[in-house]
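Hello,

Here is the structure I promised to pass on. Please have a look at it first, and then read my notes below.

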Amino acid sequence: MTTNTAFEDVKKAQNILMETIDKSARANLDAVQKLLELNKQRFSSASEVTSPSEFVASQSSAFKDYAEAMSAHFENLTAIGTESREQLTELSQDFAKGVDFSSFFPFAETSSAKPKGKASNAS
């Protein structure tokens, strides 16, 4: 493995992380905009409420809309995280294939060692 290859792999990892941060930020912004739109709709429809039962029904509907929006948002963030984790895992596995671990863990060579037989105790 050369230093240039290691640098390229680190650069690829940085690009994956930057892309993930960008996707997450955009997803968060979209979710906030959706929640603001839901708030605007809820407050504009609140003036039309004439009875407590209508109010409860509208609140229930609003809560359902918020829950669906947040659920979709979390699913989107999970997909983004899973994608980036898979990319980083693949990159790290490719990197590990090119590393000579024998320089990190200098164990004695097993091929030069001769197996010792059991001493026999003949009577």
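Which residues of α2 are buried? They are Ala62, Ala69, His73, Ile80, Ser84 and Leu91, where buried means under 20% relative accessible area, exposed over 50%, and partly exposed in between (1.4 Å probe, protein chains only).

Two words on the basis of all this. This is a predicted model, in which local features need pLDDT of at least 70 and side-chain atom pairs count only at pLDDT 80 or more, while totals for chains, interfaces and linings use all residues. Residues are numbered from 1 along each chain as its sequence is written, and side-chain values use heavy atoms, with hydrogens and water left out.

Now the overall picture. The protein has 2 helices and 0 strands; helices (H or I, at least four residues) and strands (E, at least two) are DSSP runs, numbered from the N terminus. Of its 123 residues, 13% are buried. The protein exposes about 10200 Å², and carbon and sulfur atoms supply 59% of that area, computed by the Shrake-Rupley method with a 1.4 Å probe, with only the protein chains shown counting as cover for residues.

Helix α2 has 46 residues and spans 67 Å from its first C-alpha to its last, close to the 68 Å expected at 1.5 Å a residue (1.5 Å times one less than the number of residues).

Ser84 sits in α2 and counts as buried because its relative accessible area is 10%. Its side chain reaches the backbone oxygen of Gly81 at 3.0 Å. Leaving aside neighbours within four places in sequence, Ser84 is in contact with Ile16 and Thr20, contact meaning heavy atoms within 4.5 Å.

Gln59 is also placed in α2, but Gln59 is partly exposed, at 27% relative accessible area. The side chain of Gln59 makes a polar contact with the side chain of Arg42 (3.3 Å); such a contact is a pair of N or O atoms within 3.5 Å, and within protein one must be able to donate a hydrogen and the other to accept it, with residues adjacent in sequence counting only if both atoms are side-chain atoms.

Finally, the segment after α2 (52-97) holds Phe105, which is partly exposed at 49%. Phe101, Phe104 and Phe105 make a nonpolar surface patch of about 340 Å². Patches of this kind join nonpolar side chains (Val, Leu, Ile, Met, Phe, Trp, Tyr) within 5 Å, from residues with over 30% relative accessible area and no salt bridge (a side-chain nitrogen of Lys or Arg within 4 Å of a carboxyl oxygen of Asp or Glu).

Best wishes

Terms used. Patches are made of residues with over 30% relative accessible area and no salt bridge: like charges are joined within 9 Å, nonpolar side chains (Val, Leu, Ile, Met, Phe, Trp, Tyr) within 5 Å.
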